[in-house]
Amino acid sequence: MEDQIQSQLMNITAHAARYCSMVEHAPEFGKKEFISEALQLLPAIYMDFSDPELNFGETDEYLSTYVDEAYYNQVKQQIASLMGEYDVYLETFEEDMKYSDTPVAASISESLADIFQALYNFTSNVRESEGTDVIAAYQECRENFEGYWSQTLCNVMRALNNLKYNSNLEEETEDE
């Protein structure tokens with residue numbers, strides 16, 4: 001059983017690393033290609049961090065953070081530049097929406113950067129510990145997933161899906 005868990009955690013780490021690489025290389029993608037890649041990875045990541053079989057309880061270990069504000073802003077800006085006018089979407093699950101008469105806007109770039117921050121810290125902690133802290137790193141990332149970025153992931157996936165299937169994006173060239 002322990003070998004199966006280790007194998008699952010290594011697959012999860014691979015998904016997270018692939019996502020981080022995609023985000024870090026966003027300027028090299030066209031919009032359509034980036035959206036398609038994100039829509040392939042995000043559901044897998046959601047499943048990875050919501051698997052009830054992989055809940056190890058709360059962690060009290062201190063793990064390092066690797067994404068500082070400057071790096072976060074750089075990643076966010078790269079995605080915003082790629083997405084251009086398509087970066088903003090209306091958010092219905094925002095807490096402020098309950099009290100607002102006007103729509104609340106969210107940004108694809110900020111949402112993807114939020115997920116990137118959690119996954120980059122996770123993969124960096126696994127890498128730096130040479131895999132010895134994989135359970136602690138996973139559990140910390142899972143706690144953050146449950147408390148914060150799971151809803152962000154679902155929301156941005158909905159926005160990306162809308163762009164892929166309900167926009168004029170298919171008429172654009174990859175150079176735009």
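In the predicted model, E37 and R18 form a salt bridge in which the closest N and O atoms lie 2.9 Å apart, a salt bridge being defined as a side-chain nitrogen of Lys or Arg within 4 Å of a carboxyl oxygen of Asp or Glu. This pair links distant parts of the chain, since E37 belongs to helix α2 (residues 31–50) and R18 to helix α1 (residues 2–24), 19 residues apart; helices here are DSSP runs of H or I of at least four residues, numbered from the N terminus. E37 is buried, with a relative accessible area of 18%, whereas R18, at 39%, is partly exposed; buried denotes under 20% relative accessible area, exposed over 50%, and partly exposed the range in between, with a 1.4 Å probe and protein chains only.

The model is a prediction, in which local features need pLDDT of at least 70 and side-chain atom pairs count only at pLDDT 80 or more, while totals for chains, interfaces and linings use all residues. Residues are numbered from 1 along each chain as its sequence is written, and side-chain values use heavy atoms, with hydrogens and water left out.

A search of the whole structure returned three salt bridges. Besides the pair described above, R142 and E146 meet through their side chains at 3.0 Å, N to O; because these two residues are four apart in helix α5 (residues 134–166), about one helical turn separates them. Within this pair, R142 is buried, with a relative accessible area of 4%, while E146 is partly exposed at 46%. A salt bridge also joins the side chains of R127 and E128, with an N to O distance of 3.9 Å. Here R127 is partly exposed, having a relative accessible area of 49%, and E128 is exposed, with a value of 52%.

The largest nonpolar core comprises 53 residues, and those with the most contacts inside it are Y19, F49, L119, W149 and L160; such a core is a set of buried Ala, Val, Leu, Ile, Met, Phe, Trp, Tyr and Cys residues joined through side-chain atoms within 4.5 Å. Two or more residues are given to this core by each of α1, α2, α3 (69–83), α4 (108–128) and α5, and the largest share, 12 residues, comes from α5. When neighbours within four places in sequence are set aside, L160 is in contact with I35, A38, L39, L42, M83, I108 and L112, contact meaning heavy atoms within 4.5 Å.
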